[in-house]
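Hi everyone, thanks for coming along. Today I'd like to walk you through one structure, looking at where its chains meet and then at the spaces inside. Here it is on the screen.

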Protein chains: 2
Amino acid sequence: MLKIISIKVSDIRVPTSDTLLGSDPFHKKPNYSCVYTTIKLSNGIEGNSICFTSGAGNDWIVFGVRDIAKLLEDYDFSEFMKNPSLIYKLINDHHQLRWLADGVNRMALGSIINALWDAWAKVEQKPMWKLLVDMPPQLIINSIDWRYLEDALTRSEALDILNENIDVHDDLEHSMINKGPKAYSTAGWLGLSDEEISKTIKEMQAKGFDCFKMKVGQDLNYDKERLSFIRSIIGYESKLMLDCNQVWGVDEAITYMNALKDFHPIWIEEPTARDDVQGHIKITEALRDLNIKVASGEQVPSPVIFKQLLQSEGIGYCQIDASRLGGVNDVLAVILMAKKFKVPVCPHGGGIGLCNMIVHYAIWDQVKVASHSKDQIVEYIEFLQDGVFENPIQVKDGHYVTPNSFGWGLEMHEEFFNDHIYPTGKVWKDRVSSGSITFLP
Amino acid sequence: MLKIISIKVSDIRVPTSDTLLGSDPFHKKPNYSCVYTTIKLSNGIEGNSICFTSGAGNDWIVFGVRDIAKLLEDYDFSEFMKNPSLIYKLINDHHQLRWLADGVNRMALGSIINALWDAWAKVEQKPMWKLLVDMPPQLIINSIDWRYLEDALTRSEALDILNENIDVHDDLEHSMINKGPKAYSTAGWLGLSDEEISKTIKEMQAKGFDCFKMKVGQDLNYDKERLSFIRSIIGYESKLMLDCNQVWGVDEAITYMNALKDFHPIWIEEPTARDDVQGHIKITEALRDLNIKVASGEQVPSPVIFKQLLQSEGIGYCQIDASRLGGVNDVLAVILMAKKFKVPVCPHGGGIGLCNMIVHYAIWDQVKVASHSKDQIVEYIEFLQDGVFENPIQVKDGHYVTPNSFGWGLEMHEEFFNDHIYPTGKVWKDRVSSGSITFLP
């Protein structure tokens, strides 16, 4: 019997607030951080996962993962590979933990689930995308928790989606191995200077990028100046996306975006509260004539909120995230729903390790679900890769390079890992003891 | 200057799973538990709050409250009394913690906020309801975080609501002191026998109760038998409410409730996922001709979900809860929105300490907001009161007795408190060491 023999979880943080990389109207000084979970099997294989956070609170999720781990002592791993929904329900429907609802609880669930899938891919000696692509459609269906989803997508509709383009899947997989999913770059962090942004954009253009995202929402005049500046560099042929990270109310979002319409962004990302389905619908309708769609996902707290956003045209771009939901089981469901409602899947990347994970979902979507690559773009952020991961994500000609290492490819360099353990690692111990970090009110 | 000098937080659990009190289709063996937070001021006053959970996971919130507490060291309490939204935003909009979204994070926020309000009421030497009733309308408005709410209710509409019935407020307060809000009883826990339920109902009838709630959703035939049995005791003049605790999908809820329509329940509570606004709307529409409304709230994870449920007729009864949201600041907003959309406020009680808290909100609603008591009923559950709280909640003639102790009235008997500290208190230390509790998969 193949058993789970240990679950280890670590609090890893990077002091990115020193440079303001990753800054937006709400997350002014993020320290890009992650909960790093390792599940060890009795055959020696280790499955890893990353759950991204902005710094403070990373330890809340670590605490949760440690608690959930008690449920899985000696769990039969072959049971998981036969029916990946059982262990998901064991945790998600736990009769006492369930009261905690989403947020920390679902992210802790996702940490465990994603590490299990990583171990599974390693057992099969495949990259995650390949494990998914090769998986029998019925097993994909069986891995999903359908309790709250079937009013939008039934199991049999989902099965039809996975089977309908079966004759082109091999070709699509082949061309995907040649050239991965199209990428876009988030260049315009709020805290950066014009020079820094200009430099980033030009570097990305040299790498074949022609879609760029910019943070907005702090001040209208400032945003207009910045967007003029950015359009002057990228021209009007390149795609521009905007992101305000939920800083607006519903009506405010509509007013603000009307004032920015001449910059012709293709989407406004997170225009209002993460869980405001009706608000997203209202904004979508108001911006329809401007040809600006709403994008969201990185903080959408549950598959049920995704379901509503998709079934009622609340979003025009579906930004699945690799660590916000309850892991692979949840994300597969969201990608299938996006297909039914004809919403392109444009995953949210950045943070630590998110780009490494989302590329696998993008490939599965473009090969097996959407079965095309016409309108999807995948976020790419070029930091915390080299020196961090043993198999850093690569881009070429504006596209991701399809990964070939087994699993997610989240193995970290030992030195980076040890240095960034919070609060005892080398990077942190002096800062924390001097009181300069932890909490910045 | 009046300062916050310490914040203490404890993990209190009661082994209610021994008796199956509190059991429902999802929460099969709850151990009624709470995060007990005490904020001490420099004048010696202590503010207390309770955040209810079902057992496991209580420590996750304790962990969160301890972390948030670091933000409030030496905080000037008079600033809080002048503008109660500042400290709320300091925590809720924290640039790193915000990533954690709702669930554990918002419940931890609520623990702190509710303890602050308790201290405030004690500074003013008033019960919580009286603090709220006496508060200038503008200060109520200023305590609310309006960022995501104004598309449904503007500040000036809220102010109008608080002022429109000003000439009857004194009379309403007077009669409320005489006889508190009308109560209803949750008698039909799933785990109880017919005899136990019959006994509970008869005791409650003797106390003047004529509204009863029953748990359903495990099995249709079982539910039909149980409901026949209950109707045979309470007759068809008494009101009957049903509650399935989110066990159904959307369409399943509609089918199931059609099968139970002859028992004439006035509401079905939590028919599906806590955050499925569109699902609630669909169920409401499908059950309209049956005269069955949808009730929800105890797990509604944010004021934004409440906003949507209220503005689009997703719920016909608004079950505010005392510890799910971010404390008083959030709940005041929900009660004001419920008034605008003409949805009766019927608070969720039970657990530990929830009934003690919700009665204050019910009084504020019935005196100052709805300004009538025509259609509201407030949940009442008769356990964990005597021997637990120094000022246990009282009922008389089917109504709550309006409390007159200062604050929420959440002070616990020292012996109960010490015995139930998890996992070291007298009640727990033998169970935990024998491995019989903690996690029940």
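Let's start with one pair of residues. Find Arg274(B) and Asp102(A): their side chains form a salt bridge, with 3.3 Å from N to O. Please keep in mind that this is a predicted model, and the values I quote are computed from it.

How many salt bridges does the rule find across the interface of chain A and chain B? There are four. Polar contacts between the two chains come to 32 residue pairs, with both partners at pLDDT 80 or more.

Which parts of chain A face the partner? On the side of chain A that touches chain B, at least two residues each come from β3 (46–53), α1 (58–69), α4 (104–123), α11 (250–259), α12 (277–287) and α13 (303–311). The biggest giver is α1(A), with seven residues. If you sort that side of chain A by class, you get 29 nonpolar, 24 polar and 19 charged residues.

Now zoom out to the whole interface. On chain A, 72 residues are in contact with chain B, and 72 residues of chain B are in contact with chain A. Between them, about 6,200 Å² of area is buried, and carbon and sulfur atoms give 57% of it.

Next, the spaces inside. Searching the whole structure turns up six cavities of 30 Å³ or more. By class, the lining of the largest cavity has nine nonpolar, five polar and nine charged residues.

What about the second largest cavity? About 190 Å³ of space lies there. Of its 18 lining residues, Asn92(B), Arg106(B), Asp145(B), Tyr148(B) and Val304(B) are the closest to the centre. From chain B, α3 (84–92) and α13 (303–311) each give at least two residues to the lining of this second cavity. That lining splits into six nonpolar, three polar and nine charged residues.

Note on methods: Residues are numbered from 1 along each chain as its sequence is written. Chains are lettered from A and ligands numbered from 1 in the order in which they are written. This is a predicted model: local features need pLDDT of at least 70, side-chain atom pairs count only at pLDDT 80 or more; totals for chains, interfaces and linings use all residues. Side-chain values use heavy atoms; hydrogens and water are left out. Contact means heavy atoms within 4.5 Å. Buried area is the accessible area (1.4 Å probe) that two parts lose on being put together, summed over both. A polar contact is a pair of N or O atoms within 3.5 Å; within protein, one must be able to donate a hydrogen and the other to accept it, and residues adjacent in sequence count only if both atoms are side-chain atoms. Helices (H or I, at least four residues) and strands (E, at least two) are DSSP runs, numbered from the N terminus. Ala, Val, Leu, Ile, Met, Phe, Trp, Tyr, Cys and Pro count as nonpolar, Asp, Glu, Lys and Arg as charged, and the others, Gly among them, as polar. On a 1 Å grid over the protein atoms alone, a cavity is a set of points where a 1.4 Å probe fits but cannot get out, and a pocket is an open set with protein on both sides within 12 Å along at least five of seven lines; lining residues have an atom within 4 Å of a point. Grid points are joined across faces, edges and corners, and a volume is the space filled by probe spheres set on the points.
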